[in-house]
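This report goes through one protein model part by part. Please look at the sequence and the structure first, then read on.

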Amino acid sequence: MRAISYTRATDVPAAVAAVTSDPGSSYLAGGTTEVDLLRLDVLRPHRLVDINRLPLAGIEDRSDGSLLIGALARMSEVAEARAVVERFPMLSQALLLGASAQLRNMASMGGNLMQRVRCSYYRDPESACNKRVPGSGCSALEGVHRGHAILGTSEHCIATHPSDMAVALVALDAVVHVEGTKGSRTIPVDDFFLLPEDTPEREHPLTPGELITAIEVPPVPMARRSLYLKVRDRESYEFALASAAVALALEDGVIREARLALGGVATKPWRAHRAEDILVGERADVEVFVRAAAAELAPAVTRPMNGFKAELARRTLVRALQTVAAQGGRTA
Ligand code: SF4
């Protein structure tokens, strides 16, 4: 067994300096994925910098209707926060449909953004995996890939992004705040997740040692009537086969604005721009919903075991649109 040293950071600059100056170090927050991967010998840091006592756990409800959620706020706290439940129900629902109650009490918001893929070959050091060992190959292409992605894939990796929460954040145009030794910056959450292309080992645009400090959710009045719909093999403690985050602004039955994202089917939380473009200006009826969903899934690349996902995702998006439209979907 390899030895791992442990340090507890007392402030953000010290934490950032510790990890930036030592490439063999990693941050430790809730640890709900990271500790599994340490045990499996998939992640191999020689030092963990514990950030759990940094002052990054607040949920700030701001006067302009936005939220500033600290990176160390726990999933369960954010899911139950009144401002989230009332103004961003799709985010609350996505959080509550993720993981288990015990994990939600422990897992942090920043850690959720950084969680690794659930591809079984990634988690098996004996298997070829370009994400774990660049250039080694992708065992999933000819292996078991029922749960793998159909959108945003490459010939080097087809792993599905596992987060529910991030799907809602992409639909809401959230922004990730990060801190590095050269200062702070913000990254739109849609840009925070990289497509695998020919470098699947690179999942985020973070520079070494940069630390997520907060997630900003801008004011989105139409999100008061929004939905996160998740379809999975069982009703609890399971990843999505397909999911949809949907918010609609309707005026006299016409769609003025649509915010849509898909989960469980893509290599990153998938903003459904094609479907949005078709919906805006149209009457909110099922024929338009079916057409929009078909357009979004048109570029899907399926394989023998995951071909069902294209139809499942279409139906999931249509059902979510019908549900939100039936609520009225009006801007508050
Ligand atoms: Fe690795 Fe990605 Fe292939 Fe899975 S799909 S084996 S994570 S390269």
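## Cavities

About 90 Å³ of space lies in the second largest cavity. On a 1 Å grid over the protein atoms alone, a cavity is a set of points where a 1.4 Å probe fits but cannot get out. Grid points are joined across faces, edges and corners, and the volume is the space filled by probe spheres set on the points. Lining residues are those with an atom within 4 Å of a point. The second largest cavity is lined by 17 residues, and those closest to its centre are Cys119, Cys129, Lys131, Cys138 and Cys157. Sorted by class, its lining holds eleven nonpolar, five polar and one charged residues. Here Ala, Val, Leu, Ile, Met, Phe, Trp, Tyr, Cys and Pro count as nonpolar, Asp, Glu, Lys and Arg as charged, and the others, Gly among them, as polar.

In total, the structure holds two cavities of 30 Å³ or more.

The model is predicted: local features need pLDDT of at least 70, side-chain atom pairs count only at pLDDT 80 or more, and totals for chains, interfaces and linings use all residues. Residues are numbered from 1 along each chain as its sequence is written, and side-chain values use heavy atoms, with hydrogens and water left out.

## The antiparallel sheet

Strands of a sheet pair through backbone hydrogen bonds, either parallel or antiparallel. In this model, five strands form an open sheet in the order E4-E5-E8-E6-E7, with antiparallel pairing. Helices (H or I, at least four residues) and strands (E, at least two) are DSSP runs, numbered from the N terminus; two strands pair if DSSP finds at least two bridges between them. Strand E4 (59-61) and strand E7 (183-188) are at the edges and have a single partner strand each, so one side of each is left without a neighbour in the sheet. On average, neighbouring strands of this sheet are turned by 20° against each other, direction ignored. Axes are lines fitted to C-alpha atoms, for helices over the stretch in contact, and angles run from 0 to 180 degrees between N-to-C directions.

The pairs can be followed across the sheet. E4 and E5 are antiparallel and share three bridges, and Ile59 stands opposite Ile69 in E5. Strand E5 (residues 67-70) pairs with E8 in the antiparallel sense over four bridges; here Gly70 has Ala214 in E8 as its bridge partner. Strand E6 (residues 175-180) is also antiparallel to E8, and five bridges join them. Val178 stands opposite Ile212 in E8.

Is strand E8 mostly covered or mostly uncovered? Strand E8 (residues 211-217) is mostly covered, as six of its seven residues are buried. Buried means under 20% relative accessible area, exposed over 50%, and partly exposed in between (1.4 Å probe, protein chains only).

Thr213 is found in strand E8 and counts as buried because its relative accessibility is 14%. Not counting residues up to four places away in sequence, Thr213 touches Val12, Leu56, Gly70, Ala71, His177, Val178 and Glu179. Contact means heavy atoms within 4.5 Å.

## The parallel sheet

Three strands form another open sheet, in the order E1-E3-E2, and their pairing is parallel. Strand E1 (5-8) and strand E2 (25-28) are its edges; each has a single partner strand, so one side of each is left without a neighbour in the sheet. The twist averages 25° from one strand to the next.

E1 runs parallel to E3, joined by four bridges, and Tyr6 stands opposite Leu48 in E3. Helix H1 (residues 12-20) packs on this sheet and touches E2 and E3. The direction of H1 makes about 145° with that of E2.

## Two residues with positive phi

Asp41 is not a glycine, yet has a positive phi of about 65°. This residue is found in the loop between helix H2 (34-39) and strand E3 (47-50). Asp41 is partly exposed, with a relative accessible area of 32%.

Ala99, which is not a glycine, has a positive phi of about 55°. Ala99 lies in the loop between helix H5 (89-96) and helix H6 (101-106), and counts as partly exposed because its relative accessibility is 29%.

How values were computed. On a 1 Å grid over the protein atoms alone, a cavity is a set of points where a 1.4 Å probe fits but cannot get out, and a pocket is an open set with protein on both sides within 12 Å along at least five of seven lines; lining residues have an atom within 4 Å of a point.
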